[in-house]
Amino acid sequence: MLAFSRGGSFATAPVSLRAVVGQALDILEPKLQAGGARLQLTIDEVQADTLTGNRDALVGVLGNLIENALNHAGADARIGVSLCLSASTARIVVEDDGPGIPADVRRHIFDPFFTTRERGTGLGLAVAQSVVLAHGGRIQTCTSELGGACFELNLPLCADPAQQAVQQGESS
């Protein structure tokens, strides 16, 4: 994820956001279980979910947000992950029932090297923002229905994933 944000030369390809969510959750499953977290997963199943991008970088962003939720919400956290799709945009929300984000912190949360954790680097959310922007999207904090922190990612979807795959093959 960090290499991608630095402008590394990564190949892009059609990426299923359902697969991104699944992979991030698979990676974090042991930590979620160890922390006693209760996961509420909501995935819109009716629309295409493909974008052009770097799967590993997107898994890193989502994993970072889920791990932050686990770290800040504490033991027995409730964490919500949702993927809502429209014809042209994917909306991914990661939220928790922790203490939330104070207004003075919210202003700096995406600044490089800004951290509220004793051993934090302050790079996780800055890199996440860089990756999302590189994918033509945006990331922001929002109001959580669970009462804690909430991050919303909006990413552009491919107009026609099948056509996109054909075009990718022609340009190779």
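## Contacts of Glu 152

Leaving aside neighbours within four places in sequence, Glu 152 is in contact with Arg 91, Ile 92, Val 93, Arg 138, Ile 139, Gln 140 and Cys 142; contact means heavy atoms within 4.5 Å. The model is predicted, so local features need pLDDT of at least 70 and side-chain atom pairs count only at pLDDT 80 or more, while totals for chains, interfaces and linings use all residues. Residues are numbered from 1 along each chain as its sequence is written, and side-chain values use heavy atoms, with hydrogens and water left out.

Glu 152 belongs to strand S7, which covers residues 150–156. Helices (H or I, at least four residues) and strands (E, at least two) are DSSP runs, numbered from the N terminus. Glu 152 counts as buried because its relative accessibility is 10%; buried means under 20% relative accessible area, exposed over 50%, and partly exposed in between, with a 1.4 Å probe and protein chains only. The side chain of Glu 152 makes polar contacts with the side chain of Arg 91 at 3.3 Å and with that of Asn 154 at 2.8 Å. A polar contact is a pair of N or O atoms within 3.5 Å; within protein, one must be able to donate a hydrogen and the other to accept it, and residues adjacent in sequence count only if both atoms are side-chain atoms.

## Strand S5 and its partners

Strands S5 and S7 pair in the antiparallel sense over seven bridges, and Glu 152 in S7 is the bridge partner of Val 93. Two strands pair if DSSP finds at least two bridges between them. Strand S4 (residues 78–85) also pairs with S5 in the antiparallel sense, over seven bridges. A hairpin through three residues joins S4 to S5, and Ala 90 in S5 is the bridge partner of Leu 85. Six of the eight residues of S5 are buried, so this strand is largely enclosed by the rest of the structure.

## Glu 95

Glu 95 lies in S5, which spans residues 89–96. Glu 95 is buried yet has no salt bridge, and the nearest side chain of opposite charge, Arg 91, is 7.4 Å away. A salt bridge is a side-chain nitrogen of Lys or Arg within 4 Å of a carboxyl oxygen of Asp or Glu; for charge, Lys and Arg count as positive and Asp and Glu as negative, with His and the chain ends not counted.

The side chain of Glu 95 does make a polar contact with the side chain of Ser 144, at 2.9 Å. A polar atom of the Glu 95 side chain also lies 2.8 Å from the backbone nitrogen of Glu 145.

## The aromatic pair

One aromatic pair is found in a search of the whole structure. Phe 110 and Phe 151 form this pair, which is edge-to-face, with 6.2 Å centre to centre and 85° between the planes. The two residues are 41 residues apart, Phe 110 in the loop between helix H4 (103–106) and helix H5 (124–134), and Phe 151 in strand S7. Both Phe 110 and Phe 151 are buried. Rings of Phe, Tyr and Trp (its six-membered ring) pair if their centres lie within 6.5 Å; planes under 30 degrees apart count as stacked, over 60 as edge-to-face and the rest as tilted.

## The whole chain

The protein chain has six helices and seven strands. Buried residues make up 40% of its 172 residues.
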